[in-house]
Amino acid sequence: MLERLNHALDHIEERLDGDLDPAELARIALTSEYHFRRLFSALAGMPLSEYVRRRRLTLAGAEVLAGERMLLEIAVRYGYGSGEAFARAFRAVHGTGPGEARRTGAALHAQPRMSFRLVVEGKSSMRYRVVEKEAFRIIGRGARVPLVHEGENPAIAAHIRSIGQEALARLAGLSDGEPAGVVSAVTHLSESREEGTELDYWHGVVSGAEVPEEFGALDVPAGTWAVFDNEGPYPQALQYLWRDVFTQWFPSNPYASRPGPEMLAVRPSEDWTTARAEPWIPVERTAV
């Protein structure tokens, strides 16, 4: 799998000054575009679109300093339709505009070319099971919130507080399926996975009960989920698990992620310093 991902990275380098189709990258990696984007983000630590943008502006920066092409020519060469759009993007990465960089010979930032390799230490194992579920329903309350890569998501925290403890207790009483208890569910996440893009966040329970008037419902089609079991310091242990799932488990198992609700059940200790967490990741089996 990592070898095929590195072939996709080679393809990116060959087309930094031209059209780049994420679907073609996924075909090179022999996986779906959805899974390719997920896996790339986990391995690279940034979305695919951000990596491509930084690589293009790294090469553009070198051409700006070389002074052999007009700035507008460089802008068009790397996919910007106007000098203004190029200048904004250039400044966001390099901290200075292209004209100023050319005049002063400013120091610029470079995004190195990436390659992926798997380091197997064998120090820990991952507990997981694969669950086939018939169509089910999540009863609760949903909200459209921005994606936050690190730290607390204020919009999600505010949404949970808005439900209130009494309503959460009523929700918990409706739980009659897996994952048990009050869970969070994320769906309709942008393929780019760029920070600030929006997603649908649900806080509720899996239930076959009638939907009370005070709540809404998210209908989920039948599908397959990989369910991981994690226990340790909260939230650090859970964050490490998410990383390991995409950097170690997927490359080593015949599954790929697929669109669908990613669910999470958390059972914290009384002081919230530790917790048992059960992430449910929608998957599909791939050809071996």
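Helix axes are taken here as lines fitted to C-alpha atoms over the stretch in contact, and the angle between two of them runs from 0 to 180 degrees between N-to-C directions. On this basis, in the predicted model, the axes of helix H3 (residues 33–44) and helix H10 (residues 236–252) come within 9 Å and cross at roughly 130 degrees. Angles over 145 degrees count as roughly antiparallel and those from 65 to 115 as roughly perpendicular; H3 and H10 are therefore oblique to each other. On the H3 side, the contact is formed by His-35, Arg-38, Leu-39, Ala-42 and Leu-43, which meet Phe-246, Thr-247, Phe-250 and Pro-251 of H10. By class, 6 nonpolar, 2 polar and 1 charged residues make up this contact.

The chain as a whole contains 10 helices and 9 strands. Its C-alpha atoms fill a box of roughly 70 × 45 × 35 Å along the principal axes. Of the 288 residues in the chain, 44% are buried. Among contacts between residues at least 6 apart in sequence, 72% join residues at least 24 apart.

Helix H8 spans residues 154–163, and its buried residues are Ile-156, Ala-157, His-159 and Ile-163. Seen down the axis of H8, these buried residues fall within an arc of 160 degrees, so they line one face of the helix. An α-helix has 3.6 residues a turn, so residues three or four places apart point the same way. The face of H8 turned away from the buried side carries Pro-154, Arg-161 and Ser-162, which are exposed. Packing of the buried residues of H8 involves strand S2 (136–146), helix H9 (165–172) and strand S4 (198–206). At the start of H8, the backbone nitrogen of Ala-155 has a side-chain oxygen of Asn-153 within 3.1 Å. After H8 comes Gly-164, with a positive phi near 90 degrees.

Strand S2, one of the elements against which H8 packs, includes Phe-136. The relative accessibility of Phe-136 is 12%, and buried means under 20%, so Phe-136 counts as buried. Leaving aside residues up to four places away in sequence, Phe-136 touches Val-206, Leu-218, Asp-219, Val-220, Trp-225 and Met-263. For Leu-218, which lies 82 residues from Phe-136 along the chain, the separation of the two C-alpha atoms is 8.6 Å.

Several backbone features were found in loops. Most residues other than glycine have a negative phi, and most peptide bonds are trans. The peptide bond from Glu-178 to Pro-179 is cis, with omega near -10 degrees. Pro-179 is placed in the loop between H9 and strand S3 (183–187).

Positive phi values occur at Leu-30, near 60 degrees, and at Trp-272, near 65 degrees. Leu-30 belongs to the loop between helix H2 (22–28) and H3, whereas Trp-272 belongs to the loop between strand S8 (262–268) and strand S9 (274–285). With exposed meaning over 50% relative accessible area, Leu-30 counts as exposed at 61%. Trp-272, at 48% relative accessibility, counts as partly exposed.

Key. Residues numbered from 1 in each chain as written. Predicted model: local features only at pLDDT ≥ 70, side-chain atom pairs only at ≥ 80, totals over all residues. Heavy atoms only, no water. Helix = DSSP H or I, 4+ residues; strand = E, 2+ residues; numbered from the N terminus. Parallel < 35°, antiparallel > 145°, perpendicular 65-115°, else oblique. Contact = heavy atoms within 4.5 Å. Nonpolar A, V, L, I, M, F, W, Y, C, P; charged D, E, K, R; others polar. Buried < 20%, exposed > 50% of the residue type's maximum accessible area, 1.4 Å probe, protein only. Arc of directions from axis to C-beta. Polar contact = N/O pair within 3.5 Å; in protein donor to acceptor, adjacent residues only side chain to side chain.
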